Every structure is written in structure tokens, then in C-alpha cells.
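Please keep the sequence and the three-dimensional view at hand while reading.

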Amino acid sequence: MRQFSSYTAANLLTLFLGANAAAESTWPQQTFRSTSIQAPYLNVTKNGKTELGHLFFSPSSSTMEWSYPAIYSDDGQLVWQGPNANTSAYQPQMLDGEPVLAYWQGANFQGYGFGAISILNASYQEIHRVTLPGTEEQHFVTTADPENFPSYIDIHESQITSDDTILVTAVNVTQFDLSPIGGPKDGWVQDGLFYEIDIKTNKVLFRWSTVEHLSEIPLTDNELPLLGTGTSKSDPYEYPHLNSVAKYGDSYLLSSRFLCSIFLLDKNGNVTWQLHGQKGASFTLTPGSTFCYQHDPRFINYSPNANSLTLHLHNNENANVFTSPTTITTGLTLTLDMQNRTVTPVRTLWNSNDPVFAVSQGSFQPLPNGHVLLQHGAMPVLEEYDENGALVMNARFGFDETTQSYRGYRFREWVGKPMTRPEVVACREGGSGGDAVVVYVSWNGATDVTGWKVRMGDELGVVGGVRDKNGFETRIVLEGVKAKDGEKVVVQAVGGVGDGVQSEVVKVGEGC
């Protein structure tokens, strides 16, 4: 079943599949009469039953001219658009037993950044801002020196733990001996660090640095070519490019993109084991279990004393900027035999009809009933697979190499309770005299409104009964209603937590 928002299939085929469309066209944007918001259409194709929940991702232009956290329904309709700023590590989570949104915003460089984590409640109000300021004890050296930043949290992680702390990454340029990989002895690297921070107090509870664990994490395990880097502070070699961290009990699961490795660390930061996706390291790889340049590895049902562990990841192997994109990007599930130290593949997910080659970023989210949601990072695509590995949803929100999102999620617990009011514009349209009144109403972030009541005139009486909500913006035609320019109009929400909330009074003809 195809679902194409308000476009017909023929219109979308013309827009999306025309000759040289990706090179010559701009992905169509949703525009509205009641609000100035613009957002890319989410072109959804469904081939089966999907799981419940809205879709959470952060559409961003590849040049970062625009970027924001967003929520969509999986019929392609926008639900909420957040503030326009460099956005990354956006994900819906739980804090103090309540759903929240967490995302990074700040100064974005090529592959890293310096910013803060905003945490929003269901009313889209910022209830916490997590920062990592530079201090005398923790001084950050960056490629942007001498420029300073109010916070040095990197773009890659915003994981809230069961202890209501948050895990974030950071980068720091430092001198380093690169001779083991053919570089200068007095070279420079961009160290990867992560922190566990108390959300409410902003206190650092744990700090870890890669270069401080060189004996456990050899430089020679890095798969990134030097390519002339590492000779100066302004052009450091990236060892190791950390891109995710999660906490399980007292242990941390850490991912390094350029080491093509996943590490389990103990509570003191010592390496318990390393899984190198090409060399194995602490494990022996079996056919089908290789990976590299991976993103978003997480355990399934982790237990510290288990005989086997299962983890999943977004596998960007070989589809990267350093080699030709000859290996398809997949969602990969692996079992780690902790007694025999072997790794075997459990499940490999990819779209055989339209394979993806994502050069970076991406996520793997297990859903109920064995379903999985993959978001392909640098490629503006979300895919949902069922328990049998069949593709049941493909959703695209931009042309390749023009739009991206760091990760993407499906989340059913979110009920938006915006503190704003519905936005409305009322116009006279149709007929030679323009007698018909047409009302456009939207409410950014409201998730469970079912309908609208229009009130009009000096007495603001209800006109036309309850009209069903239809997408982000509902168009209501008040046929046979005579109204002069300047006549008062109010629209009232029906259903959900916002039941009864009214718009500001607008006048017919204003803003049309």
C-alpha cells in the first residue's frame, strides 16, 4: 500500500523520478497557509503491517543550511518541527519515568562539533540543558583554536541511562606518536572522549579518553588512512572517532568508527574486550560477521555473566569516503560466544530492490514483534523490517547527498502537549464573489487532536460542526457561509490532551 501525503502517485513520480531529478531538482517541501513552517515531504511506501508510533529524526541539509529535530507520522505528515539549528544525536527517551526528547545543538564541523544537549518535555519545553564547559582542569584543544565554545559536547551521543544520567562524547586535539602507522613521531591526533554527566546538576561523574588507553587500544587497529593528516594541530589524525556509548550496569559499550571496533569497558574504564569488525581482536569472526565504520551498536538483554551476548549495529562497512561503495549498508545482529570467543551473524537486513550505501551515520532500533527500524544516516531513508526480514516500510525525505539525519527512531509513548495555541488563517475563496470561507488550522506538536470546531462572528458561535483533523494542516471549507473581511474567527481543538484549546482570534482575509 502506497501512502503519499496529499500528493497523488502520478505527481510524486513526476517530482521524484524525473530525468536527473537528484541532480537538478529540490526535494519538495511541505508548505502551509496557517504557519510559516516548511518541511520535506516524507515519501512513504508500505508493503505490510508496521509497528505503532511516530517517526523521530532530524532532517538536515548536507550543507547544514537547515537542520532541526522533527516528528512525522508514518503516512508522511509532519507532526512537529523543532528549532532550526545544527542538530544531531536526536532521540526520544525516558527520564524520571516520563517521555522526553534529547538532542545536540551547537557548532558543527566536518564529523564532530562543540555544543550542548537540550532535553525537552512533552510540551516541547527545555527542562534541562547539559553542557561540558572548558575549565582549567578540563581544557579542550580544538581545530578551531583560538576560538572558544561555551560547551564542548560532541555531536555523536545523547544517551540517557537508567540512573537518569546522560552519556556524551567529546573530542580533544593532542600531540601523539604516529610513527607506528607511518606518520610523524611528533604528530597530532583528535582524541575521542566520553563522559557520564548528572542531568540535573551537570556534574561530571565519569570521564574516559582513548589516548589514555593506548596500551589496550593500539593505534595500528585504526582503519583510517593517514592521508597526510596528523602533522599539525589544525589537521589532526582521527584516532578513534567515537560515535556511540551506552551503559549496562557498571559497564560501558563504546563504538569507534575508525577503529571499526566495539569495546566493553568496566566501571574503571579498563577494556574488558574488543570486537574488531575486520580483525576480531578478542574474538574470532565467522563468515558474515564482519563490519566496519559502524554506528549505534547496542546489546540485547545484556548480562555480565552470560555465556553469550547479542548485539546489533548499523553496518557502514566499505560504504565510506575512503573506498568505493561496493558493500551494501546493512542492519547487523551478532551473537558473541563468550566461552569460545567466536562471533556469528544472526540477522542481516538490507533492501535487495534498492540497496543503500551510507557513507556515515545511521541507527538500528529493535521494535516489538521482531520488527527493526533502520535509519541510514547520510542517506535520507528509513526502513522497517518485519520478524521475517521482509521490508514493510520504506520512507525517504530527500535526495541522496542533499539531505541526511544522524539517527532515526519509532516511538509510541509520545503524546505532544504543546504550550502554544493552534495557528489559524481564514480566507474568502471560490466563486465569482469569493463568498466561501476557508479556514486553515495547524498546531505544531499536537499528536492526538481528532478534530476542529470553527467559531465565527461577533458571538463566536460554532459554524459547521466538528471537522476531522486531516494531517498537519486541516483545510475547512464553510460552504454557504457569508462573511465579510474582518469578521472574527476562532478555531477550537477537539479530542486528546489539548481538547478545548482555542486559537487566537483572527479575522477573515488577514494573512490570505
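Is Arg 410 buried or exposed? Arg 410 is buried, with a relative accessible area of 3%; here buried means under 20% relative accessible area, exposed means over 50%, and partly exposed lies in between (1.4 Å probe, protein chains only). The model is a predicted one, in which local features need pLDDT of at least 70 and side-chain atom pairs count only at pLDDT 80 or more, while totals for chains, interfaces and linings use all residues. Residues are numbered from 1 along each chain as its sequence is written, and side-chain values use heavy atoms, with hydrogens and water left out.

**Salt bridges**

- The structure holds 19 salt bridges, each being a side-chain nitrogen of Lys or Arg within 4 Å of a carboxyl oxygen of Asp or Glu.
- One of them joins the side chains of Glu 384 and Arg 410, at 2.8 Å from N to O.
- Glu 384 belongs to strand E29 (residues 381–385) and Arg 410 to strand E32 (residues 408–411), so this pair ties together parts that are 26 residues apart in sequence. Helices (H or I, at least four residues) and strands (E, at least two) are DSSP runs, numbered from the N terminus.
- Glu 384 is buried, with a relative accessible area of 0%.
- Through salt bridges that share partners, Lys 46, Asp 74, Glu 384 and Arg 410 form one network.
- Within that group, Lys 46 and Asp 74 meet in a salt bridge of 3.1 Å, N to O.
- This pair links distant parts of the chain, 28 residues apart: Lys 46 is in strand E4 (residues 43–46), and Asp 74 is in the loop between strand E7 (70–72) and strand E8 (78–81).
- Lys 46 counts as buried at 10% relative accessibility, and Asp 74 is buried at 14%.
- Elsewhere, Glu 223 forms a salt bridge with Lys 279, with 3.9 Å between the closest N and O atoms.
- Glu 223 is partly exposed at 26% relative accessibility, and Lys 279 is partly exposed at 48%.

**An antiparallel sheet**

- Four strands form an open sheet in the order E9-E10-E11-E12, with antiparallel pairing; two strands pair if DSSP finds at least two bridges between them.
- Strand E9 (87–95) and strand E12 (126–130) are the edge strands, each pairing on one side only.
- Strand E11 (residues 112–120) pairs with E12 over four bridges in the antiparallel sense.
- Ile 117 has Val 130 in E12 as its bridge partner.

**Aromatic rings**

- The structure holds 31 aromatic pairs. Rings of Phe, Tyr and Trp (its six-membered ring) pair if their centres lie within 6.5 Å; planes under 30 degrees apart count as stacked, over 60 as edge-to-face and the rest as tilted.
- Phe 206 and Tyr 252 make a stacked pair, with 4.8 Å between centres and 15° between planes.
- Phe 206 lies in strand E16 and Tyr 252 in strand E18 (residues 251–256), so the pair ties together parts that are 46 residues apart in sequence.
- Both Phe 206 and Tyr 252 are buried.
- Tyr 248 and Phe 299 form an edge-to-face pair, at 5.0 Å centre to centre and 75° between the planes.
- Tyr 248 is in strand E17 and Phe 299 in strand E23 (residues 295–300), 51 residues apart.
- Tyr 248 is buried at 18% relative accessible area, and Phe 299 is buried at 7%.
- Ring pairs also link Phe 56, Trp 80, Tyr 90, Tyr 103, Tyr 124, Phe 411 and Trp 414 into a cluster.
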